[in-house]
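Please open the structure in your viewer and keep the selection tool at hand. The tour below goes from stop to stop, saying what to select and what is there.

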Amino acid sequence: MSRGHLVLEHALDQLKSGSQFRRDPDEDLDDLCESIRRTGVLNPPAVTEGYVIITGNRRVAAMQRLGMRVTPIWVVPGVSDKLSYILAIRDEQTLQKALKPLEQAELSEELKALYAEDTARVKAGSLFGEGGKKQDRSGGADSAPPLDLANLNDRKARVQAARAVTGRDSRTMLEQINQLKQIAADDSEDPYVRQHAAEALLEINEDRKVNGRFQAVKTRQNLARLTRLAEHPDTPEQARTAAATELRTLHDIDSPAEALKESGLALARVTEIQKAATDPALIGWKDVDPLLREKHQIRKLVDLLRREHGWWDRYNPEDFGRYADEEQWELVETYITEASGFLDRARTARGTSEETADADV
């Protein structure tokens with residue numbers, strides 16, 4: 001059985017205002033007017049058989065502001081008594097499912113690109129006159145310097161997209177969500193940071209609290225990068241020491257906003273130190289030490305072993321002997337055998353070096 005029918009054109013002035021539970025329903029109609037002007041009425045107002053508005057008061061107000069005289073309507077039968085009328089309003093205004101934050105962010109990104117493209121087309125059309133001749137917009141020698149139109153257009157597109165999705169200028173929130181999505185999907189990120197970003201997105205989708213979680217993830221991202229600089233064998237000694245010092249300093253910061261700010265500044269400082277230590281144009285220390293390559297390789301090996309030192313105490317050899325498969329057994333046996341051979345050859349070289357040094361004395 002049909003629960004209503006569509007009337008394509010009905011006089012606006014014949015619609016009757018009904019109960020309205022939204023506060024200030026006629027405020028902030030500009031965006032709605034622009035939407036109706038651009039694409040028409042996508043969702044017709046719903047009315048009773050007596051043409052009392054169940055839902056769509058704001059759409060009707062916007063159409064009246066635009067000077068429209070008719071509107072499509074959806075006529076709902078069986079809504080005559082006060083109770084059924086109020087319940088119909090309740091259902092229409094409270095049972096609609098709003099987009100979740102991640103869905104809003106995704107829609108905002110797509111709209112932002114489309115708004116930017118539209119602005120670029122309008123701008124291109126304004127720069128050329130009849131016959132495709134470019135217009136002189138220099139303003140003469142006394143004019144102000146040209147505006148950075150690319151940045152202005154991008155900012156305008158971001159604001160337009162945010163308002164289209166959420167009804168307010170929420171671009172910062174939506175861009176934070178998109179940054180978290182990028183971190184969670186980036187294979188080059190620290191796995192712990194990626195996991196934290198993914199968990200933050202799930203929580204944001206439930207309670208819509210974005211900023212605090214964004215700050216926490218970005219801080220952990222900075223700390224992970226500092227930790228990598230402090231521990232990675234390829235990091236120059238100066239940068240390793242600086243990164244370790246910065247990490248100790250950051251440990252005691254409680255404020256999330258302050259932690260994000262200071263960790264970002266710390267990462268920038270250590271990155272500069274690393275650049276200065278590895279850029280031949282800035283410093284010539286590579287030519288000073290003829291054994292630099294050998295020392296670097298040794299440091300890489302020692303750092304590798306230091307990270308795994310004591311593994312023989314952390315695992316049960318009886319369990320390994322009983323349950324390791326052939327591939328696992330071969331890997332560990334080869335590791336031990338080859339490491340023993342490596343140490344024997346190193347010990348011989350070390351003894352020869354010490355004998356040579358004694359002879360020189």
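In which helix does F320 lie? Select F320 and you will find that this residue belongs to helix α13, which covers residues 317-323; helices here are DSSP runs of H or I with at least four residues, while strands are runs of E with at least two, and both are numbered from the N terminus.

Before going further, note that this is a predicted model, in which local features need pLDDT of at least 70, side-chain atom pairs count only at pLDDT 80 or more, and totals for chains, interfaces and linings use all residues. Residues are numbered from 1 along each chain as its sequence is written, and side-chain values use heavy atoms, with hydrogens and water left out.

**Around F320**

Stay with F320, which counts as partly exposed at 28% relative accessibility; on this scale buried means under 20% relative accessible area, exposed means over 50%, and partly exposed lies in between, with a 1.4 Å probe and protein chains only. Between the C-alpha atoms of F320 and V332, which are 12 residues apart along the chain, the separation is 9.9 Å.

**The salt bridges**

Next, turn to the charged side chains, where the structure holds 12 salt bridges, each being a side-chain nitrogen of Lys or Arg within 4 Å of a carboxyl oxygen of Asp or Glu.

Select R158 and E175, whose side chains form one of these bridges at 2.5 Å from N to O. Because R158 sits in helix α5 (residues 149-166) and E175 in helix α6 (residues 171-185), the pair ties together parts that are 17 residues apart in sequence. R158 is partly exposed, with a relative accessible area of 21%, and E175 is also partly exposed, at 22%.

Move on to D187 and R194, whose side chains meet in a salt bridge at 3.2 Å, N to O. Here D187 is exposed at 65% relative accessibility, whereas R194 is partly exposed at 26%.

Then select E246 and R269, where the N to O distance of the salt bridge is 2.9 Å. E246 belongs to helix α9 (residues 237-250) and R269 to helix α10 (residues 256-278), so this pair ties together parts that are 23 residues apart in sequence. E246 is buried, with a relative accessible area of 15%, while R269 is partly exposed at 39%.
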